[in-house]
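Hello,

Here is the structure we spoke about. Please look it over, then read my notes below.

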Amino acid sequence: VLVLILSCSNSAFGYVASISKQSIRKQNVILAMNNFDLQPQPLSKDTKIPTRLIVGSILSIFGGSLKANAGFFSSQEQDQIDEICKFQKPIAELLDQLRPSNIPNAVGVYSNTQVLKGGKEDSDVVLSYMEVFIKPCQRLMEKVAANLKLPSEEDQKKIEVLPLLMKGHIAELTQAIQSMQAPAQEREVAEVQETLADFLKLAATKYVITPYVAPRPLSDAELFGPLGCEFWGKKRIEGSNACAWTESQ
């Protein structure tokens, strides 16, 4: 019991000492601040402000990008362009699901896998993407295109045509969904992605565009470390976990 009391006393003393040290630090900071006159002083008529300071202050506020979203001057058109940029990700994800890709399964065996292979259920997934992402993207492109007022008159005419082109791709994608053929769906979604990219490329002549960067798949060395083939200078045999030397070796 005596040991416990002493232990608690030491802990309490340490806690109080810690608080005291913090209080001393705060007092020292307050004292240090009091050594400086931190209150703003009114300028007299004879006070001269250096020209460099004035120019530097203006540039710090209004400098930076001169595009539509610079500083405090974000426009409605820039906000709409930002919303259109967000459609890049789901469209890219849909296209990836329609294309075969070399991915590992639960036990780390790589194989060419295609998530959406056609048929009724997979076509319903493509239909959902079209209704939730592609059609709203097309409508927003059509709404904003005429108001962008790009520097080049030729670019402005091109960007106003692209929403109509996107509408044509949607009609073709609808037919591909009805056919329940994955290759046809993949082709039309690729055209949708290309049209969106062309739209954003033209808009980038005046507005700030945030490109979508797809995540890079991990290599065997990154994913498995010493348990992977690449760590030992070998290559994995496709469809299995077995390793083999490269031809040069």
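**A pocket and a helix pair**

Helices α4 and α7 (182-203) each give at least two residues to the lining of the second largest pocket. Helices here are DSSP runs (H or I, at least four residues), numbered from the N terminus. This is a predicted model: local features need pLDDT of at least 70, side-chain atom pairs count only at pLDDT 80 or more, and totals for chains, interfaces and linings use all residues. Residues are numbered from 1 along each chain as its sequence is written, and side-chain values use heavy atoms, without hydrogens and water.

The pocket holds about 150 Å³ of space. A pocket is an open set of points on a 1 Å grid over the protein atoms alone, where a 1.4 Å probe fits, with protein on both sides within 12 Å along at least five of seven lines; lining residues have an atom within 4 Å of a point. α7 supplies the largest share of the lining, four residues. Among the lining residues are Gln88, Ala92, Gln193, Leu196 and Tyr212.

Now the helix pair. The axes of α4 (residues 88-98) and α5 (residues 119-145) come within 10 Å and cross at roughly 165°. Axes are lines fitted to C-alpha atoms over the stretch in contact, with angles from 0 to 180 degrees between N-to-C directions. The two helices, α4 and α5, are therefore roughly antiparallel (angles over 145 degrees). Pro90, Ile91, Glu93, Leu94, Gln97 and Leu98 of α4 make the contact (heavy atoms within 4.5 Å) with Val126, Tyr129, Phe133 and Ile134 of α5.

Best wishes

Key:
Parallel < 35°, antiparallel > 145°, perpendicular 65-115°, else oblique. Points joined across faces, edges and corners; volume = space filled by probe spheres on them.
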